[in-house]
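Okay, everyone has the file open, so let me put it on the screen and walk through it.

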Amino acid sequence: MSSIHAESIRKHLKLYFIMGSINCQRHPVNVLSDAIAGGITLFQFREKGPGALIGQAKLDLAKQLQKLCQEHHIPFIVNDDINLAISIGADGVHVGQDDESAIIIRKKLGTHAIIGVSAHTIFEAKQAIQDGANYLGVGPIYPTQTKPDAKAVLGTRLIQELRTKGIDIPLVGIGGITTDNAADVIQAGADGISVISAIASAASVRNVAALFNQNLSI
Ligand SMILES: Cc1ncc(COP(=O)(O)OP(=O)(O)O)c(N)n1
Ligand SMILES: Cc1nc(C(=O)O)sc1CCOP(=O)(O)O
Ligand SMILES: [Mg+2]
């Protein structure tokens, strides 16, 4: 059972920035700082892939990024690493279908934690809701270079189907989302969008984050 209000989560999901050190061409603290200045509403620390930090270096970066988020009242979510989330007191975690279920994670993190779960089918979405997820990450909406093991591209079809079936859990679309296609994801029924490369790799991180905001009218 979660004590977090769905409407509060919906609000934070609007422009959900995800990043780890390998997604950045500058120091991650500077990239996140610019993204915050551009108006991101939620942050996920996803330190994953070839060359990603491990051990103390990962912990140190997580703490630096968490501090920045705390200063700007942006919830700090940890991807995959439940122990890291517990050790630094993160606001929540995001897990996929191959990870522990939201039921187990809730027991470890408590009722106040935000738990996000990836869903690629109606069945997975319903299961995550039953297990107590606070929000869903639905994707990949468009082709993405960022996650080599991403599932088949869905387009906005699953988001539309979930909403048509009356499933109103807070959710974001993820995968290949840019300033040009973001509005279509919202139009399909998502509460927000999750973005890695379009923001992290931008020449001006701040300007692109602001443009996302403008295109989403948020
Ligand atoms: C918001 C959001 N949605 C989906 C994912 C993908 O999670 P997962 O399927 O566990 O894949 P990895 O990110 O762990 O490679 C996400 N991270 N965030
Ligand atoms: C982390 C992640 N999860 C996905 C999913 O489909 O679940 S797609 C993806 C990568 C998103 O990066 P970009 O914004 O650069 O395409
Ligand atoms: Mg995962």
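Thr-178 is partly exposed, because its count of C-beta neighbours inside 10 Å is 16. The scale behind that: a residue is buried with 20 or more other C-beta atoms within 10 Å of its own, exposed with 12 or fewer, and partly exposed in between, with C-beta atoms placed from the backbone. Thr-178 sits in the loop between S7 and helix H8 (182-188). Helices (H or I, at least four residues) and strands (E, at least two) are DSSP runs, numbered from the N terminus. From Thr-178 to Val-29, 149 residues apart along the chain, the C-alpha separation is 22 Å.

Ground rules, quickly: this is a predicted model, where local features need pLDDT of at least 70 and side-chain atom pairs count only at pLDDT 80 or more, while totals for chains, interfaces and linings use all residues. Residues are numbered from 1 along each chain as its sequence is written, and chains are lettered from A and ligands numbered from 1 in the order in which they are written.

Now Thr-179, in the loop between S7 and H8. Buried or exposed? Thr-179 is buried, since 21 other C-beta atoms lie within 10 Å. Leaving out residues up to four places away in sequence, Thr-179 touches Ala-198, Val-208, Leu-211, Phe-212 and Asn-215. Contact here is C-beta to C-beta within 7 Å, again with the atoms placed from the backbone.

Next, a helix pair. Two packed helices are described by the angle between their axes and the distance between the axes. For helix H2 (residues 28-38) and helix H10 (residues 205-216), the axes come within 7 Å and cross at roughly 35 degrees. Those axes are lines fitted to C-alpha atoms, for helices over the stretch in contact, and the angles run from 0 to 180 degrees between N-to-C directions. On the H2 side the contact uses Val-31, Asp-34, Ala-35, Ala-37 and Gly-38, and H10 brings Val-205, Arg-206, Asn-207, Val-208, Ala-209 and Ala-210. By class that contact has seven nonpolar, two polar and two charged residues. The classes are: Ala, Val, Leu, Ile, Met, Phe, Trp, Tyr, Cys and Pro nonpolar, Asp, Glu, Lys and Arg charged, and the others, Gly among them, polar.

Staying on H2, its buried residues are Pro-28, Val-31, Leu-32, Asp-34, Ala-35, Ile-36 and Gly-38. The cover over them includes S1, S2, H3, helix H9 (197-200) and H10. Just after H2, Gly-39 has a positive phi of about 110 degrees.

On to the ligands. Which residues come closest to ligand 1? Out of 18 surrounding residues, the closest are Gly-96, Ser-118, Gly-137, Ile-174 and Ser-194. Strand S1 (15-19), strand S4 (92-95), strand S5 (114-119) and strand S7 (171-174) are the elements that each give two or more residues to that shell. A residue makes the shell if its C-beta atom, placed from the backbone, lies within 6 Å of the molecule. The ligand 1 shell splits into five nonpolar, nine polar and four charged. Ligand 2 has 16 residues around it, and Gly-139, Thr-144, Thr-146, Gly-175 and Ser-197 come nearest. That shell has seven nonpolar, eight polar and one charged.

Last bit, the annotations. An unreviewed UniProt entry has "binding site" on Asp-80 and Asp-99. They span 20 residues in sequence, but no two of their C-alpha atoms are more than 7.3 Å apart, so they gather at one spot. UniProt positions are in the numbering used here, feature names are shortened, and annotations may be inferred rather than shown by experiment.

Asp-80 is in the loop between strand S3 (76-79) and helix H4 (82-88), and beyond four places in sequence its contacts are Lys-48, Val-95 and Asp-99. Asp-99 is in the loop between S4 and helix H5 (102-109).

The unreviewed entry also lists, under "binding site", several other residues, including Gln-44 and Lys-48. Gln-44, in strand S2 (residues 42-45), is buried because it has 24 C-beta neighbours inside 10 Å. Lys-48 is partly exposed, with 17 such neighbours.

How values were computed:
Contact = placed C-beta atoms within 7 Å.
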